[in-house]
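Biologist: Before I rely on any label in this model, I would like to hear how each one is reached. Could you show me the structure and then take the labels in turn?

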Amino acid sequence: MTTCTTPEKAFAQRTRNTAVALATVLLSAGWMAPAAAAPVDDAQFLLVGGTVSGDVTVLRVEPSGGLTKVGQTPVGLGILSLALAPDGHAVYVSQAAEQQVTGYRIDNAGALRPIPGAEVEIDGGAPVTSTLSADGTLLFVAVGGVPGHIRTYAVDPTGALTHTASISVPGFSAIPMIRIDPDGRFLRFVSPFDSLVSSFAIGLNGELTSIGAPVSGGMLPVNPGYTPDGRFVYVSNEMGGNISGYAIGTDGHLTPTPGSPYASGLMPHGAEVTADGKRVYVPVVAGGGVAGYSIAADGALTPLAGSPYPAPSGSGPGTVVLSDDERHVYAADVLTTGVTTRVHTFDVQPDGTLTRSALPSVDTGTILGDGPIMVLTP
């Protein structure tokens with residue numbers, strides 16, 4: 001998930017840090033009674049899904065950038081994506097093995113509470129990934145099959161879901177990945193087994209209309225990531241060991257960026273772009289680290305010095321998220337010798353290069369989190 005840092009979010013982060021620091025001083029001085037269990041109204045959380053264990057772990061983001069586990073909620077087997085509401089107070093979990101999507105409210109303590117009316121069964125295939133419109137009123141679910149299809153749901157103010165439309169996507173789409181462009185006008189459907197990227201215009205009430213023939217991707221394309229200005233999208237080719245870059249035309253059509261695809265190492269698995277659109281970070285599962293690139297004005301990628309950056313031994317990062325202040329990159333394991341998924345922290349240097357942080361890795365307790373299964377609340 002691409003994280004954009006706005007002035008409002010930066011202010012909120014500074015306010016949160018100041019409040020926590022003040023509370024710590026008052027506690028140590030005896031002016032406040034300890035209340036460790038009390039929820040924090042403006043707490044920020046990192047959510048990580050477990051594909052095999054079928055649960056979602058919630059980690060609180062501390063002022064230092066460190067992570068503290070606060071909960072783990074059983075959901076259902078086959079979690080392959082988490083779709084976070086724009087306000088960060090709800091998340092929709094796609095469960096391929098259970099053939100359903102379930103919505104949860106995220107409370108101030110980080111607990112997940114089922115939303116009445118937000119558990120929907122999916123017919124005709126496995127729901128693999130889902131994504132919300134920018135205003136949070138529409139949920140799109142990519143369903144695997146021959147052909148695959150996209151189901152559209154209206155999201156009412158309570159978070160409940162109502163099915164409104166479906167559209168087929170020709171081809172063999174067993175594990176489709178979908179994302180919406182930053183301007184909200186187009187939806188991209190990435191079909192790994194077909195090596196194709198299909199594009200759709202989003203109309204009123206979420207109706208989807210194909211905007212031309214699919215473009216060719218690499219070998220097993222997955223998990224697209226955008227520049228915040230919506231000019232470019234990058235798709236990791238998991239079996240190709242590279243990343244395809246596309247320029248997005250005003251009409252939504254995709255054109256390969258100069259030099260695409262770009263070498264990445266074994267099993268790239270996503271793309272996280274900085275708020276200024278100048279750098280992108282890609283987890284490299286089999287390479288055991290995170291690759292970093294600078295983005296040129298034409299969208300071409302150039303590796304940053306020292307890239308890729310190794311994670312701890314035995315780790316295989318498969319999804320990354322930038323902290324709001326972009327001082328840290330959080331990388332969650334897909335493959336690991338330790339069985340359960342850990343989240344590792346990298347420090348972002350002024351030139352964009354990464355170094356392993358002194359902040360400790362955190363064990364989520366989930367098992368095998370595949371796909372876009374890590375999101376950061378505002």
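Modeller: Let me begin with a definition: buried means under 20% relative accessible area, exposed means over 50%, and partly exposed lies in between, with a 1.4 Å probe and protein chains only. This is a predicted model, in which local features need pLDDT of at least 70 and side-chain atom pairs count only at pLDDT 80 or more, while totals for chains, interfaces and linings use all residues. Residues are numbered from 1 along each chain as its sequence is written, and side-chain values use heavy atoms, with hydrogens and water left out.

Biologist: Why is Thr227 called buried?

Modeller: The relative accessible area of Thr227 is 1%, and the limit for buried is under 20%, so Thr227 is buried.

Biologist: Where is Thr227 found, and which residues does Thr227 touch?

Modeller: Thr227 is found in the loop between β17 (221-226) and β18 (232-237), where strands are DSSP runs of E with at least two residues, numbered from the N terminus. Taking contact as heavy atoms within 4.5 Å, and not counting residues up to four places away in sequence, Thr227 touches Pro182, Phe232, Tyr234, Val273, Gly277 and Ile295. Ile295 is 68 residues apart from Thr227 along the chain, and their C-alpha atoms are separated by 9.3 Å.

Biologist: What is the phi of Asn223, and why is Asn223 called buried?

Modeller: Asn223 lies in strand β17 and has a positive phi of about 45°, although it is not a glycine. Its relative accessible area is 8%, which is under the 20% limit, and therefore Asn223 is buried.

Biologist: What makes Leu368 partly exposed?

Modeller: Leu368 has 27% relative accessibility, a value between the limits of 20% and 50%, so Leu368 counts as partly exposed. Its place is in the loop between β31 (362-367) and β32 (374-376), and its phi, near 50°, is a positive value in a residue other than glycine.

Biologist: What pLDDT does the protein average?

Modeller: On pLDDT, the predictor's confidence in each residue from 0 to 100, the protein averages 90, and 89% of the residues score at least 70. Over residues 1-38, however, the pLDDT is below 50, and this stretch has 41 contacts in the model beyond near neighbours in sequence.

Notes. Helices (H or I, at least four residues) and strands (E, at least two) are DSSP runs, numbered from the N terminus.
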